[in-house]
Amino acid sequence: MLPAVEGARNHRGSLDAPRAETTRTRKRVKSCRNGRGERRGGLKHGFLSDLFSRELLRYLGPGFIVTIGFIDPGNWATNMAGGSQFGYALLWVITLSTLMLIFLQHVSARLGIVTGASLAVNVRSHFSRPLVVLFGGSMVPALIATSLAEILGGALGFQILFHIPLVVGAPLTLALVVLAIIGQRYDRLERLIIVFLAFIAAAYIVEIFIVKPDMAAAAPNWIIPTFPPGSIVVAMGMLGAIVMPHNIYLHSNTIQSREWDFGGVDQSRLMRYELIDTSLSMGMGWLVNSAMILVAAAVFYSAGITVTSIQQASATLRPLAGPLSQLLFGIALLVAGLSSSITSSLATANVVTGYLGKPEDPHSRLYRYGMVAMAAPAVLLIMIGLNAYRALILSQVALSLQLPLTIIPLLVLTRRVSVMGAMRSGGRTMVLGWLVAAIIIGLNVFLLYQTFFPKGL
């Protein structure tokens, strides 16, 4: 194992289980290379039996940590815009984006399982220094943009529920997040995030019963792509808000919180458990994002109201859908802001320590400084009065710009025998991976073009 990978596993403090020892990791890779036959059929056989296995419960969790990241306030902004402007027409974007997300997150988790190290550590270990600087350096503005969206969501939640100004709500959100991460073990944080996710889902289920969307009219739009006039930019913004670079980094790290069989005997079975965890958790994310569009379409689109801010959406819900709907909206937004801020801070700490080749210890100065340093510019921008809605949209543009620089090294690493052994991605997986990458990169390039040159060159 290379020094960076070995250094990263020394200790992770109270937030995570220890990484694999160097000798055990070598043993695992060797076993994977000897077990090529099991790998080829492993994910195909036994999937359904594992889905109903009691043992599966031990492995559920990492995917749910990642899922909270793509129902964050950035998603609220894009989904509210999509539903209020185009009704149910863009539901298919949620379906397509979630399918691509499941694929990419599964590939990221495989990298973490096989190598015993996160994507950041693997990039630092296996790429040249200029590329490491490119990939790692590009994550800095992306992490700041992520923090901006998450912290802003928490601050907006405080403002809607308790009339606390954003200038107070932003640092309050950051303080609560830092205290939660430093003061809790990873397993407790994981359970907390799952509870938060369940609450957000429950809140939107109640919202759907309140506003009663036309499900018969909505159903075909989950499958059939349509582009109403003027919808392309909003559709790509929705995609960019679901497939996020920090979540790809985070999944390769959180997957190691489980007690994996580092001997390599059950690698294929563990891959199935991971795929089930990822599919179930991100399926829940698909439901929540779809519910946001359903509610926006039923309440705002049907009334001819275009939403231009989250505060406007909250205020408009009261006369159109009643005070309970507005209350649930505010509570769910606050919970989404706090929980997604926790996961983005975990991702930030992992990326910073991984790229610098330092242990991921939550009690170290680097870990704490890394979290605060990436979040501080976001808090400052909020406090100086940055337009909240515009800030959310711009944060998604920043993430879209960085996304190719996360997907490309992930696909390259998982194809290398020197990294993955016999568990490396096969030909069909790579074809699908590069197709997904091409779609995302192409759409994001067009999103940037439309953002900066709305009237053309």
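**Exercise 1. Confidence**

The protein in this predicted model averages a pLDDT of 80, and 82% of the residues score at least 70. Find which helix has the lowest mean pLDDT and which the highest.

*Solution.* 
- Step 1. Helix H1, residues 3-8, has the lowest mean pLDDT among the elements, at 37.
- Step 2. Helix H8, residues 119-126, has the highest, at 96.
- Step 3. Look at residues 1-44. Over this stretch the pLDDT is below 50. Beyond near neighbours in sequence, the stretch has 108 contacts in the model.
- Step 4. Draw the lesson. Where pLDDT is low, predicted coordinates should not be read in detail.

**Exercise 2. The core**

Describe the largest nonpolar core: how many residues does it have, and which have the most contacts inside it?

*Solution.* 
- Step 1. Count. The core has 128 residues.
- Step 2. Name the residues with the most contacts inside the core. They are Trp-76, Phe-329 and Ile-440.
- Step 3. Find the main contributor. Helix H7, residues 91-115, gives the most to this core, with 14 residues.
- Step 4. Take Phe-329 and set aside neighbours within four places in sequence. Its contacts include Trp-76, Met-80, Ile-160 and Tyr-204. Glu-207 and Ser-314 are also among them.

**Exercise 3. Two ring pairs**

The model has 7 aromatic pairs. Classify the pair Trp-76 and Tyr-204, then the pair Phe-158 and Phe-162.

*Solution.* 
- Step 1. An aromatic pair is described by the distance of the centres and the angle of the planes.
- Step 2. Apply them to Trp-76 and Tyr-204. The centres are 5.6 Å apart and the planes stand at 75°. An angle over 60 degrees counts as edge-to-face, so this pair is edge-to-face.
- Step 3. Trp-76 lies in helix H6 and Tyr-204 in helix H11, so the pair ties together parts 128 residues apart in sequence.
- Step 4. Check burial. Buried means under 20% relative accessible area. Trp-76 has 0%, so Trp-76 is buried. Tyr-204, at 3%, is buried too.
- Step 5. Turn to Phe-158 and Phe-162. The centres are 6.2 Å apart and the planes at 40°, so the pair is tilted. Both residues lie in helix H9, 4 residues apart, which means about one helical turn separates them. Phe-158 is buried, at 8%.

**Exercise 4. Beyond a pair**

Which residues form one aromatic cluster, and which ring has the charged end of Arg-416 over it?

*Solution.* 
- Step 1. Trp-76, Tyr-204 and Phe-329 form the cluster.
- Step 2. The charged end of Arg-416 sits over the ring of Phe-127, 5.0 Å from the ring centre.

Terms used. Residues numbered from 1 in each chain as written. Predicted model: local features only at pLDDT ≥ 70, side-chain atom pairs only at ≥ 80, totals over all residues. Heavy atoms only, no water. pLDDT = per-residue confidence, 0-100. Helix = DSSP H or I, 4+ residues; strand = E, 2+ residues; numbered from the N terminus. Contact = heavy atoms within 4.5 Å. Core = buried A, V, L, I, M, F, W, Y, C linked by side-chain atoms within 4.5 Å. Buried < 20%, exposed > 50% of the residue type's maximum accessible area, 1.4 Å probe, protein only. Phe/Tyr/Trp six-rings, centres within 6.5 Å; stacked < 30°, edge-to-face > 60°. Lys NZ or Arg CZ within 6 Å of the ring centre and 35° of its normal.
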